[in-house]
Amino acid sequence: VREQLNLAKARANCGQGSQDLIVCAANDKLKDNSFTLENALREYLLQLEVTALSSSGSLPGFIPLYVGMPVILRSRNLSTELGVANGSQGVVHTIYMDVCANGFTYCTCALVHFPLSRVQIPGLPKGVYPIMPISWTFTTLPPGAVDAMTKLKVSREQLPIQPAFAVTGHSAQGKTLPNVIVNLHEGGFGAYVAASRAKSRLGLCIMRPVTIEQLNKPLPYDLMQEMKRLDELEHNT
């Protein structure tokens with residue numbers, strides 16, 4: 001849903017004619033020579049719902065971008081001391097592109113202005129940092145396959161940024177926003193973070209009814225065990 005909302009908002013902003021929307025495809029490569037990455041297979045891989053393949057670190061098949069677009073850095077701490085880290089919000093300054101052999105446009109680099117960063121790179125405005133594609137490897141079945149032995153191993157290169165129109169509660173921590181649309185069924189601290197981002201009650205839109213039981217949902221067992229492990233580690237060290 002987040003990706004669909006971000007794409008719709010980007011198209012709406014560019015539809016006013018002030019900016020050109022660039023939909024940057026991931027640069028996929030097969031690690032197995034048994035298959036050829038033809039147009040149909042590349043399109044299939046780009047359209048995959050990759051969040052179902054990995055709980056973290058996944059890179060999307062497409063990222064909509066335009067100059068002036070708000071974005072969030074994800075999955076990488078490039079320079080924590082300079083304020084360019086996972087969750088940092090910035091604005092796209094410049095986009096560098098190329099076209100692969102299959103005709104898909106992909107981004108080779110994006111210059112992003114992080115207003116809260118102290119970075120100063122010679123030849124670039126203050127706060128502008130180059131974001132390069134990163135790699136992620138995943139495994140999936142080819143289209144129409146039923147035999148698990150025919151899995152494809154794919155190496156994907158894509159920018160570690162996402163549009164900042166619709167974001168997760170984690171990414172929204174510390175921000176105050178005029179209007180917020182939220183789903184509070186996650187419960188717990190995540191629901192609190194999401195609901196408390198709005199400046200006022202009038203700026204908060206709850207997508208569907210939620211009960212007290214859902215809001216007070218206990219933390220997942222695995223998370224509780226990890227918190228216990230970290231507490232013990234802190235005590236013993």
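Ser88 touches Val71, Ile72, Leu73, Gly83 and Phe114 when residues up to four places away in sequence are not counted, contact here meaning heavy atoms within 4.5 Å. This serine lies in the loop between strand E4 (70-73) and strand E5 (89-99), and at 15% relative accessibility Ser88 counts as buried, a class defined as under 20% relative accessible area, with exposed meaning over 50% and partly exposed in between (1.4 Å probe, protein chains only). The model is predicted, local features needing pLDDT of at least 70 and side-chain atom pairs counting only at pLDDT 80 or more, whereas totals for chains, interfaces and linings use all residues. Residues are numbered from 1 along each chain as its sequence is written, and side-chain values use heavy atoms, with hydrogens and water left out.

The protein chain contains five helices and twelve strands, taken as DSSP runs (H or I of at least four residues for helices, E of at least two for strands) and numbered from the N terminus. Along the principal axes, its C-alpha atoms fill a box of roughly 50 × 50 × 45 Å. Of the 237 residues of the protein chain, 36% count as buried, and among contacts with a separation of 6 or more, 56% are accounted for by residues 24 or more positions apart.

Five strands form an open sheet with antiparallel pairing, in the order E7-E6-E5-E4-E10, two strands being paired if DSSP finds at least two bridges between them. Strand E7 (128-131) and E10 stand at the edges with a single partner strand each, so one side of each is left without a neighbour in the sheet. From one strand to the next the twist averages 45 degrees, where axes are lines fitted to C-alpha atoms, for helices over the stretch in contact, and angles run from 0 to 180 degrees between N-to-C directions. Within this sheet, E5 and strand E6 (residues 105-113) run antiparallel and are joined by eight bridges, and the bridge partner of Met97 in E6 is Cys107.

Asp98 is likewise placed in strand E5 and, at 39% relative accessibility, counts as partly exposed. Apart from neighbours within four places in sequence, Asp98 is in contact with Phe104, Thr105, Tyr106 and Thr108. Asp98 and Cys24 are separated by 74 residues in sequence, while their C-alpha atoms are 9.5 Å apart in space.

A further open sheet is formed by three strands in the order E2-E9-E8, again with antiparallel pairing. Its edge strands are strand E2 (27-30) and strand E8 (134-140), each of which pairs on one side only, and neighbouring strands of this sheet are turned by 25 degrees against each other on average, direction ignored. E2 pairs with strand E9 (residues 152-158) over four bridges; Asn27 stands opposite Glu157 in E9, and Lys29 stands opposite Ser155 in E9. Helix H2 (residues 39-46) packs on the sheet, touching E2, E8 and E9, and the direction of H2 makes about 115 degrees with that of E2. Five of the seven residues of E9 are buried, so this strand is largely enclosed by the rest of the structure.

The model holds one aromatic pair, rings of Phe, Tyr and Trp (its six-membered ring) being paired if their centres lie within 6.5 Å, with planes under 30 degrees apart counted as stacked, over 60 as edge-to-face and the rest as tilted. The ring centres of Trp136 and Phe138 are 4.7 Å apart and their planes are at 25 degrees, so the pair is stacked. Trp136 is buried, with a relative accessible area of 10%, and Phe138 also counts as buried, at 4% relative accessibility.

In helix H1 (residues 2-14), Asn6, Ala10, Asn13 and Cys14 are buried. These residues cover an arc of only 90 degrees around the axis, which puts them on the same side of H1, the arc being that of the directions from the helix axis to the C-beta atoms. The buried residues of H1 pack against strand E3 (62-65) and strand E10 (161-163), whereas the face turned away from the buried side of H1 carries the exposed residues Gln4 and Arg11.
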